[in-house]
Amino acid sequence: METVYLSLLCVGAALICAMLRPQRPEMALGVALAAGAAALMLLLPGLQSAAQVIREFSIRAQQGQDGAAVLLRAAGIALLAEFAQQICEDAGEKALAGRIELGVRVALFGIAAPLLREVLVVVEEVLL
């Protein structure tokens, strides 16, 4: 049901933005930002459920909480960056959207680097 509400919210906001954009582009951007924030609020329960499943999976797999924490951090960064990137594109700032994309890639690599190091250590131990 959340998907229906989300779809209706976004389609309604898009129609309002399309009507406002020719005369009041700043108002259209405001409507788009408000609709985006409302959409995130609608998605919050689903995101919380997904985070809980990841935590339970890491406990059942008897993995340290580090892997789950990295996964949750990476997912959060990716979702936030996607939202910011779309806002920049809606505002006509494609160059800024590209910088966000680059920044996220660097941040995700930084988050994943310690895990990659651990994988290399394990592979090295197995081979030697």
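**Group meeting: salt bridges, cysteines and a nonpolar patch**

Glutamate 26 is partly exposed, at 47% relative accessible area. Keep in mind that this is a predicted model.

Who is the partner of glutamate 26? Its side chain meets that of arginine 24 in a salt bridge, 2.7 Å from N to O. Arginine 24 is partly exposed as well, at 42%.

How many salt bridges does the structure hold? It holds 2. Arginine 105 counts as exposed, because its relative accessibility is 55% and the cut-off is over 50%. Glutamate 101 is partly exposed, at 30%.

Glutamate 101 also takes us to helix H3. Glutamine 85 lies in that helix, residues 65-90. Setting aside neighbours within four places in sequence, glutamine 85 contacts Ala97, Ile100 and Glu101. Is glutamine 85 buried or exposed? It counts as buried, at 14% relative accessibility. The cut-off for buried is under 20%.

Now the cysteines. The structure holds 0 disulfides. Cysteine 10 is in none, and its nearest cysteine sulfur belongs to cysteine 17, 10 Å away. Cysteine 17 is buried, at 6%.

Next, the surface. Which residues form the nonpolar patch? They are Leu40, Met41, Leu43, Leu44, Leu47 and Leu79. Together they have about 520 Å² of accessible area. Helix H2, residues 25-60, gives the largest share of the patch, with 5 residues. Take methionine 41 in helix H2. It counts as exposed, at 57% relative accessibility.

One record to set beside this. An unreviewed UniProt entry lists residues 28-47 as "transmembrane region". Such annotations may be inferred rather than shown by experiment. In the model, that span is 100% helix and 0% strand. Its end C-alpha atoms lie 28 Å apart.

To recap. There are 2 salt bridges and 0 disulfides. The nonpolar patch draws its largest share from helix H2.

How values were computed:
Residues are numbered from 1 along each chain as its sequence is written. This is a predicted model: local features need pLDDT of at least 70, side-chain atom pairs count only at pLDDT 80 or more; totals for chains, interfaces and linings use all residues. Side-chain values use heavy atoms; hydrogens and water are left out. Patches are made of residues with over 30% relative accessible area and no salt bridge: like charges are joined within 9 Å, nonpolar side chains (Val, Leu, Ile, Met, Phe, Trp, Tyr) within 5 Å. Accessible areas come from the Shrake-Rupley method with a 1.4 Å probe; for residues, only the protein chains shown count as cover. A salt bridge is a side-chain nitrogen of Lys or Arg within 4 Å of a carboxyl oxygen of Asp or Glu. Helices (H or I, at least four residues) and strands (E, at least two) are DSSP runs, numbered from the N terminus. Buried means under 20% relative accessible area, exposed over 50%, partly exposed in between (1.4 Å probe, protein chains only). Contact means heavy atoms within 4.5 Å. A disulfide is a pair of cysteine sulfur atoms within 2.5 Å.
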